[in-house]
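Hi,

Here is the structure for you to look at. My notes follow below it.

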Amino acid sequence: MFHWLERNPFFFAVGVFLVIAYAGVVTILPDFMESARPVTGTKPYTVLELAGRQVYIKDSCNACHSQLVRPFKSETDRYGMYSLSGEYAYDRPFLWGSKRTGPDLMRVGNYRTTDWHEYHMLEPQSVVPGSIMPAYKHMFKNVADIETAYAEAFTVKTVFNVPYDQADMPKLGTFDEAKKALMDEAALIVADMKSQEVKEAFKRGEIKEIVALIAYLNSLK
Amino acid sequence: MNWLNDNVNVLALLGAAAILILTVGVSWKYIQQMKTDKSSGELAKENWDGIGEYKNALPIGWALSFLGTIIWGLWYFLAGYPLSSYSQIGEYNEEVQSHTTKFETKFANPDQTTLMNMGEGVFLVQCAPCHGVTGDGMNGKAANLGKWGNEEAIVASILNGAKGSEYPLGEMPAGLLDAESAKAVAAYVMQEVSSVKKTKNPALVEAGRALWATCAACHGDDGKGMAGSAPDLSVYGDAKFVVNVLGTGKKGTIGNMPKFNDGRLTNVQKTAVGTYVSSLVK
């Protein structure tokens, strides 16, 4: 029945390749096409949020906190809706995390607020008894690096076509425009904070790392 | 060891015995056949280093299972995998569905004790990070729930205003009434409007009724908040009032309270939190 195939090893190999390739096409491609697109409503980070994200990475928050809610009831009860790959479209790099020493932060913006983060970063045990998280007091002293954050946004806009400056998307513009928008955004957060040091620094035109970090955490929804 | 008490063990042992008997039987048959068989028939064209192959018809059972595998393979490639494969989200949805059904049946008509226990559990997870494990607001980091939802709290709201609940009629400004009038209105609200129906200052109720017009502009003549335009005061002191706050969130003089309307809490759980929080009021 298949003697002709056995006599033609080349075509036999081509046949095997086609069958296996088909399996790859039907299993991998449809998922890829659908889930790799940005989810509706996903927006690139503003410059202030990017500055906060850089603080988050610099201080290795992702070493203890993942940003990936898995589709299990036990997880969605605690952290909210499970994550979709399209939600990470503008995350460079993604901050999934491989280990949860602390809770997941994928949607922390839904259930924690500016003032809570302020208490928590200053002294975690004051709001979460028994927490093993260290205090991050230096964030109230260090000034956020706005220039680098703007450079990052400008780079991903230019190189990867991240949709800044488009309808319903965050504005980027020139550095001066971005700086002005960023000060307005920071003003709202500073107004909700208690620290006099941060407020006075803001009046001098300085944005402390804590302000940027809170902007970033509040944006995680 | 009672190995045979376990169905799986019994099946495994039976299977092992069957395989042993079949192996011995089949081997014996072919060994006998090899002793007597003579080779005959037409040789196929291919010849590998002197080793030939007879053109034998396929054994019927083998041919059928081969064909069956091909048909199954086509179905699996074209329909089985693409249309009805395992999906993690599908399993999650089933998990949630079955939990929801179980939850709704079990807590269709929860009694007070159930609500209190459930409320305490949810409170410790969702509310304690800001309001503290005991609900005392942790030295002013959030509202002290022991001083919230009673007559003094109404006076405080009138004097300090109430902000950030995002009701259509806007925020309640501070100082609408002076301290004495506020006390009278609080007495009126507790006695006549709220679900508590009891005041510490019954003498002030009539004075409060006379001043109610200031409040009625937003809360309505009956205090029900004019169909959601302002907070409904007729449920003040009741779990429902807490449920309303969970739905709107708050942005007051102390800090921000997020909304709890993203599906994290079911309606029963919200009522449970309301019952528990109401019980904290001193």
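Y76(B) has a relative accessible area of 32%. That lies between the 20% and 50% cut-offs, so Y76(B) counts as partly exposed. W75(B) is also partly exposed, at 46% relative accessibility. Please bear in mind that this is a predicted model.

Aromatic contacts next. There are 17 aromatic pairs over all chains. In one of them, the ring centres of W75(B) and Y76(B) are 6.4 Å apart. Their planes meet at 50°, so this pair is tilted. F103(B) and F107(B) make a tilted pair too, with 4.9 Å between centres and 50° between planes. Both F103(B) and F107(B) are buried. W75(B) and Y76(B) also belong to an aromatic cluster, together with W72(B) and Y81(B).

Two charges over rings. In chain A, R92(A) sits over the face of F160(A), 4.1 Å from the ring centre. In chain B, K29(B) sits over the face of Y30(B), 4.6 Å from the ring centre.

Now chain A as a whole. Its secondary structure is ten helices and zero strands. The C-alpha trace spans about 85 × 45 × 25 Å along its principal axes. The radius of gyration of chain A is 23 Å, whereas a compact globule of 221 residues would be near 17 Å. Of those 221 residues, 43% count as buried. Among chain A contacts with a separation of 6 or more, 70% join residues 24 or more positions apart. Chain A exposes about 12000 Å², and carbon and sulfur atoms supply 63% of that area.

Best wishes

Note on methods. Residues are numbered from 1 along each chain as its sequence is written. Chains are lettered from A and ligands numbered from 1 in the order in which they are written. This is a predicted model: local features need pLDDT of at least 70, side-chain atom pairs count only at pLDDT 80 or more; totals for chains, interfaces and linings use all residues. Side-chain values use heavy atoms; hydrogens and water are left out. Rings of Phe, Tyr and Trp (its six-membered ring) pair if their centres lie within 6.5 Å; planes under 30 degrees apart count as stacked, over 60 as edge-to-face and the rest as tilted. Buried means under 20% relative accessible area, exposed over 50%, partly exposed in between (1.4 Å probe, protein chains only). A charge sits over a ring if NZ of Lys or CZ of Arg is within 6 Å of the ring centre and within 35 degrees of the ring normal. Helices (H or I, at least four residues) and strands (E, at least two) are DSSP runs, numbered from the N terminus. The radius of gyration is taken over C-alpha atoms; the globule rule is 2.2 Å times the number of residues to the power 0.38. Contact means heavy atoms within 4.5 Å. Accessible areas come from the Shrake-Rupley method with a 1.4 Å probe; for residues, only the protein chains shown count as cover.
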